[in-house]
Amino acid sequence: MTRNILARNNVKVGGNGTQPMLFAHGFGCDQNMWRFVTPAFADDYRIVLFDYVGSGKSDLQAYSAERYGNLDGYAQDVLDVCAELDLKDVIFVGHSVSSVVGMLAAIREPERFDRLILVGPSPRYINDPPAYVGGFDRSDIVELLEVMEKNYIGWANFLAPVVMKNPERPELTRELEESFCSTDPKIARRFAEATFFSDNRDDLSKVPVPSLIMQCSEDALAPLEVGEYLYRHLPQSTLRVMRATGHCPQMSHPEETIRVIKEYLAAERFA
Amino acid sequence: MDDLLNTAPCGFLSFTDDGRIVLVNATLLDLLGYERDELQGRHLDSLLTVASRIFYQTHLFPLLKLHDRVDEVYFSLRSKDGAEIPVLVNAVRRERGGIVANECVLMHTRQRNLYEDEILLAKRAAEEATRAKDEFLAVVSHELRTPLTAILGWARMLQIGKLDERLTRRALNAIERNAESQNQLIGDLLDFSRIISGKIRLDVGSVELVSVVEASIDVVSPAADAKGIRLQTVLDPKAGPVSGDPERLQQVMWNLLSNAVKFTPKGGRVQVRLARVDSSVEITVSDTGEGISAEFLPYVFERFRQADSATTRRQAGLGLGMAITKHLVELHGGTIRADSPGEGQGSTFILRLPVMIVHNTEPFADVASEPQIPGVDYPQAMELARLDGIHVLVVDDERDARELLTAILTQSGALVTAAAGVTDALDKLRLVTPDLLVSDIEMANEDGYTLIRKVRVLEEERARKIPAIALTAHARSSDRLRALSEGYQMHMSKPIEPTELVLAIANLTDRERA
């Protein structure tokens, strides 16, 4: 069982500290997306990285369309990893959909979590007029599924970016092939549906631990209204609107991302 | 160099990790309908459709950032006037003068996009068809096995030999009934394959639909009685004849009626109306049964479809009946449609066939008055004609079949010599002089065609001129034609109806004697 979970979720543990920081990737990618920020925390924390089943180098055999048909299945992956490594006092860092996954995990097993750091979170992507702005209409998401379907036909091209600089080292290409992101079109589609059709607004008030909302300015996936909505409904939350634009500040603006997280952790420590 | 970039036959765009547009070439500006200064410095998001924006953020940007390169990504751009423009993107991420830029070439794919849409649709249709076929195969195996279970079970009981007379009768009835129902299934399958390969043949004549309807009602009334379903008819005898194949029209009627009875719960009602409507005869079969949901209604006549999926189906059957029915009706130049106010509210099938224009008042033979429904008409038919004194040579390489034929003929008083193949049959013909030859066609080594060719050139005249009946598992008219042209007098398809076989032998030998 032990080895199974660690292999199943491609769990990687590093860092020199004791308090665990558990990094959870979002839809469309895998743990590689954290590589620009994790080194900054390695001296002070125990760094835990993993891939959700169905993403990255996880064990695709363990995938079940039923379990991963909604975000609870993904939250179970987080709790499985925590249980396997016996993690306590966890600082959970979740990107995008993983923000909600982290909240669900914390609601289920509050004793494991110290706090949540939510990068580009949204409790619901689809507008619910008149009171709620999520940023999208249902038809936008249906169109996204079509764009994905078209791209997944040629997905091999994504998976194996040609390593032009090293034609004499084909093993590099192979490594890249293995390392990349969503692999199976059906799994990716189901993850997209679980993500973009979810509505977790009612769960916000149940989140039992403090959280940091890292809201980007000009985020195509989570407009400012969403960050404000979260701030109003998440107990013990802090809202930081970043200068970073886009949806992946940990990749596009790693310095600012690191700084904001460190400031939050330091402030909480002295609070 | 700038010229080259601007006039290249593809769009060029570079942007920072922030998504700020640094450079666009003239081709892309043309494509999108923007001026240069409207775009430079602007955010990439404003050029993308919403879906592409999400895809960029969740897939393309992470890939570029982590791997410095992506190839052949499908995207939709938004032009200044709001039109959606499909493009294929190749991008690299590189540093130029200390600034990181993501550089893309974009190919407009309007035509290709239509083509890809078609391929995607075809792919989905193919996947759906495969799924339907898999389900159908599962259903076929299940449906074929169900009667077999009863047949095998009772046959084993009989073999043990401890059944009393009452149980023996019951066993035989069960075996017969189940074999009949399996025969019906196989008949449906064969019909269906003939329909899709366009090989079905109509024996067209003038048909009075009233008698077709009445004959079908006779067939389904035992099942209706058993469920306490009232069968009501309002038939206009002056509706006029239609031109068609009586057996096939019978099959259509029988399908509609048995379906209505099948899907109507106990104590319900099935109503049949037949009337002249304009230049058609319209038959309406309505029931108070399960009804059809609005979602399923368009698929009622599609093959392999039943409203329930394979695992939850409450009704047996292949889901072919309605598809066959529709094809047969259309072959007759008619139309059929289904109607239902919804689930639980009954359904109505409306069949229309063009009226035949008859100038001659002398009516055509009323072909349908003695309906022949395959597989339904012989429970009471064990009274066989007599073949006393007639000597039959039976040829079949399968022992069971040979023994069955021998039993049927012996029971009718015939003297039977059996042969297990062509050589055996020719040997026997040298020793005995039978009145008639009955031979299977599909046999190992040499077939029934070879046999009859060899018989027809025998020296001994009586043997050479022996009347012969061919038996085949195929009921195709091409098989019948071949059997007759090779030298058989008659062709009969398996499974053999004992009464028919005995009658046929009686007729053929009578003719010889006359």
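Trainee: What percentage of the 271 residues of chain A count as buried?

Mentor: This is a predicted model: local features need pLDDT of at least 70, side-chain atom pairs count only at pLDDT 80 or more, and totals for chains, interfaces and linings use all residues. Residues are numbered from 1 along each chain as its sequence is written, while chains are lettered from A and ligands numbered from 1 in the order in which they are written. A residue is buried if 20 or more other C-beta atoms lie within 10 Å of its own, exposed if 12 or fewer, and partly exposed in between, with C-beta atoms placed from the backbone. Of the 271 residues of chain A, the buried share is 48%.

Trainee: How many helices and strands are there in chain B?

Mentor: Helices (H or I, at least four residues) and strands (E, at least two) are DSSP runs, numbered from the N terminus. Chain B has 514 residues, and 33% of them count as buried. Its elements are 15 helices and 17 strands.

Trainee: Which element gives the largest share of the side of chain B that touches chain A?

Mentor: Two residues are in contact if their C-beta atoms, placed from the backbone, lie within 7 Å. On that basis, 30 residues of chain B meet 30 residues of chain A. Helix H4 (50-67), strand S3 (69-78) and helix H5 (110-160) of chain B each supply at least two residues of this side of chain B. The largest share, 15 residues, comes from H4(B).

Trainee: How do the residues of that side of chain B divide into nonpolar, polar and charged?

Mentor: Ala, Val, Leu, Ile, Met, Phe, Trp, Tyr, Cys and Pro count as nonpolar, Asp, Glu, Lys and Arg as charged, and the others, Gly among them, as polar. Sort the residues of chain B that touch chain A into these classes.

Trainee: Which residues touch the most other members of the largest nonpolar core?

Mentor: A nonpolar core is a set of buried Ala, Val, Leu, Ile, Met, Phe, Trp, Tyr and Cys residues joined through C-beta atoms within 7 Å. The largest one has 99 residues, and H4(B) gives the most to it, with 10 residues. The members that touch the most others are Val101(A) and Ile117(A).

Trainee: Why do the buried residues of H11(B) lie on the same side?

Mentor: H11(B) spans residues 422-431, and its buried residues are Val422(B), Ala425(B) and Leu429(B). An α-helix has 3.6 residues a turn, so residues three or four places apart point the same way.

Trainee: Which exposed residues sit on the face of H11(B) turned away from its buried side?

Mentor: The buried residues of H11(B) pack against strand S13 (391-395), strand S14 (415-419), helix H12 (448-455) and helix H13 (461-464) of chain B. The face turned away from them carries Asp427(B), Arg430(B) and Leu431(B).

Trainee: At what angle do H7(B) and H8(B) pack?

Mentor: Axes are lines fitted to C-alpha atoms, for helices over the stretch in contact, and angles run from 0 to 180 degrees between N-to-C directions. The contact of H7(B) with H8(B) has 14 nonpolar, 3 polar and no charged residues. The two axes are 9 Å apart, and the angle is about 35°.

Trainee: Is the crossing of H8(B) and H9(B) left-handed or right-handed?

Mentor: The axes of these helices come within 9 Å and cross at roughly 145°. A crossing is left-handed if the near helix is turned anticlockwise from the far one by less than a right angle, and right-handed if clockwise. For H8(B) and H9(B), the crossing is left-handed.

Trainee: What is omega of the cis peptide bond that joins Pro129(A) and Pro130(A)?

Mentor: Most residues other than glycine have a negative phi, and most peptide bonds are trans. Pro130(A) lies in the loop between strand S5 (113-119) and helix H4 (138-153) of chain A. It is joined to Pro129(A) by a cis bond, with omega at about 5°.

Trainee: Is Asn445(B) exposed or buried?

Mentor: Asn445(B) lies in the loop between strand S15 (436-440) and H12 of chain B. Its phi is positive, near 60°, though it is not a glycine. It has 9 other C-beta atoms within 10 Å, so Asn445(B) is exposed.
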